[in-house]
Amino acid sequence: MFIHWFPGHMTKAIRMMSEEMKVVDSVIYVLDARAPQSCINPAFDEVIGNKPRLYVLNKADMVSQKEVIKWVDKFRRQGYKCIYSNSISKADAPVIVKNLLELNEDLIERYSRKGVNKTVRAMVIGVPNCGKSTLINSLVREKKTVTGNRPGVTRGKQWVAIGAYIELLDSPGVLYPDFKDQEKAMRLALIGSVKEDVVDCAELAIEALKYFIKEHPEELLNRYKLDEVKENALEVMEDIGRKRGVIMRGGELDYERIAKIIISDFRKGYLGKFPLESADA
Ligand SMILES: Nc1nc2c(ncn2[C@@H]2O[C@H](COP(=O)(O)OP(=O)(O)OP(=O)(O)O)[C@@H](O)[C@H]2O)c(=O)[nH]1
Ligand SMILES: [Mg+2]
């Protein structure tokens, strides 16, 4: 086990979410398109209860459109409303708003029969760093929420008005209350959802390499100009280190620095537009 957890923090955060859930009509559930299944937090279901939810596969620009669409179809087959978004561009904003309004159609209709324009309130939830705050910003003209490429940027709750009749509640990212599934933990760590100080970066890079050796060796070959991609992840890591000259003073390979290069390359999308999880599985 190489990722350790602080269940107490998460339990507290879930309790806060449950409290806020009472004042919203629906939920925008943000998932990182690179690992949608791992972004499904089993603890959220109970919190959401029967409030309608809209799944948004965010960071859709980081995977091929073909793969995102497969995921969208999968969630729709499960009976959920689901769309994808690149929240850095504002191009998907109208689709998000349209789907949120559709999600709350019955409620809006009920109020309008009484002659009232209902303000739709939705909580934006998801694991840390999946782009919740960025998504909210994509819907407003000027930046309202603080964003950053590390987990735990949003601390408290924050309401943001989108036009006259929508209010979104930004929330801090929440991880699973317990973390027995290390495969999922690894994917969440790779997409930057887990704080660096609880992850062993050399082990994480090895796990990433195992995935690329198996699924997309050509990406390693091209990116690091390797002569071949060996089967053993540690050997591949060493080859990458030698090619890049990542060597310490005594001439030894600097494993930690090599690991950081590999992880950073993955996060920047330099290793191709592949989701870590396939919707076909
Ligand atoms: N490529 C890409 N990057 C994105 C997208 N959405 C957000 N990001 C980036 O992802 C990082 C995290 O974004 P945030 O909006 O801070 O994520 P968050 O979910 O609010 O994170 P916490 O508040 O820490 O839980 C930032 O560097 C964003 O620029 C997207 O659609 N595409
Ligand atoms: Mg945030």
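These legends accompany close-up views of a predicted model.

**View 1. The two domains of the chain.**
The chain is split into domain 1, residues 7–170, and domain 2, residues 200–267. Taken over C-alpha atoms, the centres of domain 1 and domain 2 are 35 Å apart.

**View 2. The shell around ligand 1.**
Ligand 1 is surrounded by 25 residues. The closest are Gly131, Thr134, Asn149, Thr154 and Gly173. Sorted by class, the shell holds 15 polar, seven nonpolar and three charged residues. Helix α6, residues 132–138, gives the most to this shell, with three residues.

**View 3. Helix α10 against helix α11.**
Two packed helices are described by the angle between their axes and the distance between the axes. Here α10 spans residues 233–244 and α11 spans residues 255–267. Their packing angle is about 95 degrees, and their axes lie 10 Å apart. Angles of 65 to 115 degrees count as roughly perpendicular, so α10 and α11 are roughly perpendicular to each other. From α10, the contact uses Met237, Ile240, Gly241 and Arg244. From α11, Tyr255, Ile258, Ile261 and Ile262 take part. The contact of α10 with α11 has six nonpolar residues, one polar and one charged.

**View 4. Helix α8 against helix α10.**
The axes of α8 and α10 cross at roughly 100 degrees and come within 9 Å. The two helices are therefore roughly perpendicular to each other. On the α8 side, the contact is made by Ala205, Ile206, Leu209, Lys210 and Ile213. On the α10 side, Ala233, Leu234, Val236 and Met237 contribute. By class, the contact of α8 with α10 has eight nonpolar residues, no polar ones and one charged.

**View 5. Buried residues of helix α7.**
Helix α7 covers residues 182–190. Its buried residues are Ala185, Met186, Arg187, Leu188, Ala189 and Leu190. What covers them includes α8, residues 201–215, and α11. Just after α7 comes glycine 192, with a positive phi of about 85 degrees.

Lysine 230 sits in the loop between α9, residues 217–224, and α10. A residue needs 20 or more to be buried and 12 or fewer to be exposed. Neighbours within four places in sequence aside, lysine 230 is in contact with Glu235, Val236 and Asp239.

**View 6. Two lysines with positive phi.**
Most residues other than glycine have a negative phi, and most peptide bonds are trans. Lysine 59 has a positive phi, near 60 degrees. Lysine 59 is in the loop between β2, residues 53–58, and α3, residues 65–77. Lysine 59 counts as buried because 25 C-beta neighbours lie inside 10 Å. Lysine 225 also has a positive phi, of about 50 degrees, although it is not a glycine. Its place is the loop between α9 and α10. With 11 C-beta neighbours inside 10 Å, lysine 225 counts as exposed.

**View 7. Arginine 267 and arginine 34.**
Arginine 267 lies in helix α11. Its 17 C-beta neighbours inside 10 Å make arginine 267 partly exposed. Arginine 267 and arginine 34 are 233 residues apart along the chain. Their C-alpha atoms are separated by 9.9 Å.

**View 8. Lysine 12 and valine 174.**
Lysine 12 is part of helix α1, residues 7–21. Lysine 12 is exposed, because 12 other C-beta atoms lie within 10 Å. Along the chain, lysine 12 and valine 174 are 162 residues apart. The separation of their C-alpha atoms is 9.8 Å.

Terms used:
Residues numbered from 1 in each chain as written. Chains lettered and ligands numbered in written order. Predicted model: local features only at pLDDT ≥ 70, side-chain atom pairs only at ≥ 80, totals over all residues. Axes fitted to C-alpha atoms, helices over the stretch in contact; angles between N-to-C directions. Helix = DSSP H or I, 4+ residues; strand = E, 2+ residues; numbered from the N terminus. Parallel < 35°, antiparallel > 145°, perpendicular 65-115°, else oblique. Contact = placed C-beta atoms within 7 Å. Nonpolar A, V, L, I, M, F, W, Y, C, P; charged D, E, K, R; others polar. Domains from an automatic or database assignment. Near = placed C-beta within 6 Å.
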